[in-house]
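Take a look at the model first, and then we can walk through it together.

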Amino acid sequence: MKQREQMICHYIKAYNHFDISAMLADLDPSISFQNISDGKVDMSLEGVTAFKEQAEKAATFFKSRQQKITSFMHFESYTDVEVAYSAVLAVDLPNGLRKGDALHCAGKSVFHFGKDKIVAIEDISYC
């Protein structure tokens, strides 16, 4: 479990610092990613190339962003990570949020593990 927590902490630290290369370091090349908001999947990606492209695009939306881990819950092949999320927008968004607006949400990320890599991530937000 310690190795899982180290990989998750490395990923989240890289996310918070907009370090896309470091985010990819522990991901399996066939990574599966889903973003779930309001109980609905609003993004689904397959493969590290698609993940990288989306991560680079998403990074441009924020002036700053911070995920803070509030708890780990380990299961046989996955780990649930509760997070507190805050961000400041760098651009206006189509949903009416404006550049400079601050976001504060709670959420959960579910990290699924293969032998020694993260093989899937589900990001679930409760905004």
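## Surface, fold and core

The accessible surface of this chain comes to about 7400 Å², and carbon and sulfur atoms account for 54% of that area. Please keep in mind that this is a predicted model.

Some overall values for the chain are gathered here.

| Property | Value |
|---|---|
| Span of the C-alpha trace along the principal axes | about 40 × 30 × 25 Å |
| Radius of gyration | 14 Å |
| Distance between the mean positions of positive and negative charges | 6 Å |

Why does the radius of gyration agree with a compact globule? For 127 residues, such a globule would have a value near 14 Å, and the chain has 14 Å, so the two agree. Of these residues, 36% count as buried. The charges number 14 positive and 17 negative.

The chain holds three helices and six strands, and from the N terminus on they follow the order α-α-β-β-α-β-β-β-β. Among contacts between residues at least 6 apart in sequence, 51% join residues at least 24 apart.

Now to the inside. The largest nonpolar core has 28 residues, and those touching the most other members are Y11, M23, L27, F51, F111, I118 and I121. Several elements each supply at least two residues of this core, among them helix 3 (48–59), strand 1 (27–37) and strand 6 (118–126). Helix 1 gives the most, with six residues.

Which residues is I121 in contact with, leaving aside its neighbours within four places in sequence? The list is Y11, L27, I31, S32, F33, Q34, F51, V110 and F111.

How values were computed:
Residues numbered from 1 in each chain as written. Predicted model: local features only at pLDDT ≥ 70, side-chain atom pairs only at ≥ 80, totals over all residues. Heavy atoms only, no water. Core = buried A, V, L, I, M, F, W, Y, C linked by side-chain atoms within 4.5 Å. Buried < 20%, exposed > 50% of the residue type's maximum accessible area, 1.4 Å probe, protein only. Helix = DSSP H or I, 4+ residues; strand = E, 2+ residues; numbered from the N terminus. Contact = heavy atoms within 4.5 Å. Rg over C-alpha atoms; globule rule 2.2 N^0.38 Å. Areas by Shrake-Rupley, 256 points an atom, 1.4 Å probe, with all protein chains shown as cover. Lys, Arg positive; Asp, Glu negative; His and termini not counted. Charge placed at Lys NZ, Arg CZ, Asp CG, Glu CD.
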